[in-house]
Amino acid sequence: MNSHFDITAANLPNGTLIEASAGTGKTHAVAAYVAKQIATTEELRIGEILVATFTRNAAAELRERIRSRLVVSARLLRDKPAPAGYRPDELDEWFRGEADKPMLARRLERAAAEFDTAVIGTLHSVCARVLRLAGIPAADTGDEELRARVLDEVINDTIVTETLAGRQWGEDSLHKLVTKRLGDPFLKPWFDAADCTEEQVALLEALPKLVIGCAERVRERMRSSPSYDDL
C-alpha cells in the first residue's frame, strides 16, 4: 500500500517498508520516530533501540541526528527556545498538544543521558556486536585483505594435499568455487555429467565436499576477523 508517511500517526505495524529516494528526509524521519517512541513509551529505553545503515558516515550522521532530536524536543517541551536555525516540525506541534509535556521531556532527557547505550551503526558493526554478545570475538569491519591471504593459503594447501592423493584440481577454478561458497553458503552445487567420463564424474561428486571444507577452514581462521560476507 502506498501512502504518505505521517510521523504523528499511530505506531508503524511490524514489517513496514518505506521507500524514499535521496534527499527526501529519511534520516529526519528515523530521528523523529525514535524520539516519538521514546517520549510516549515509559518502559522503552534508548538502549533497546537498534538502528542500522550501510556506511560509517551514514551511521555517524544518524547518531548525531537522533541525539540532537532527543535534546531539542525535550527543550521545546520544557518551553525553552529552540537552537538557532532549528525549525519545529509536525512532531514538535504534536508534542505541544500532549497533556503531560514534562513527562515526555523527562523521558527524552533520560534517553539523551543514556544515549551511549543505543545501538546505532553499520549493518556489519551490528552483526559483530551480536557475535561478541554470543561470546565470539569479532572485529566491527571485515578484513578483506586478510581473507584473501587466508583463502589463497587454504586453496594452496588443499591442492597440494589433493595432488598427493592423486586428484588434480585447477587452482583458479577451485578459488572461484570457494569464493562463491563464502559469499553465499546456501548455494547448492550442481553439475551436468552428460559428457563426463566416469573418472570426471567421481571427481565432480567429490568437489562439493572439498569446496565446503575449504570454505569452513577459511571461516574458522577468520573467526576473530570475519569478512563482510561472513558478518
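Let's start with who touches whom: in this protein, residues 24 or more positions apart account for 72% of the contacts with a separation of 6 or more. Keep in mind that you're looking at a predicted model. Here's a quick tour, from the overall build down to one particular aspartate.

**Build and overall shape**
- The protein has 8 helices and 2 strands.
- Read from the N terminus, those elements go α-β-α-α-α-β-α-α-α-α.
- The protein is more spread out than a compact globule, because its radius of gyration is 26 Å, well over the 17 Å that the globule rule gives for 231 residues.

**Inside and outside**
- Out of 231 residues, 32% count as buried.

**Charges**
- Count up the charged side chains and you get 31 positive and 37 negative ones.
- The centres of those two sets sit 7 Å apart.

**A residue to look up: aspartate 79**
- You'll find aspartate 79 in the loop between helix 2 (56-77) and helix 3 (90-96).
- Its backbone is worth a look: aspartate 79 isn't a glycine, yet it has a positive phi of about 60°.
- Is aspartate 79 buried or exposed? Its relative accessibility is 61%, so aspartate 79 counts as exposed, given that the cut-off for exposed is over 50%.

Technical notes. Residues are numbered from 1 along each chain as its sequence is written. This is a predicted model: local features need pLDDT of at least 70, side-chain atom pairs count only at pLDDT 80 or more; totals for chains, interfaces and linings use all residues. Side-chain values use heavy atoms; hydrogens and water are left out. Helices (H or I, at least four residues) and strands (E, at least two) are DSSP runs, numbered from the N terminus. The radius of gyration is taken over C-alpha atoms; the globule rule is 2.2 Å times the number of residues to the power 0.38. Buried means under 20% relative accessible area, exposed over 50%, partly exposed in between (1.4 Å probe, protein chains only). Contact means heavy atoms within 4.5 Å. Lys and Arg count as positive and Asp and Glu as negative; His and the chain ends are not counted. The place of a charge is taken as NZ of Lys, CZ of Arg, CG of Asp or CD of Glu.
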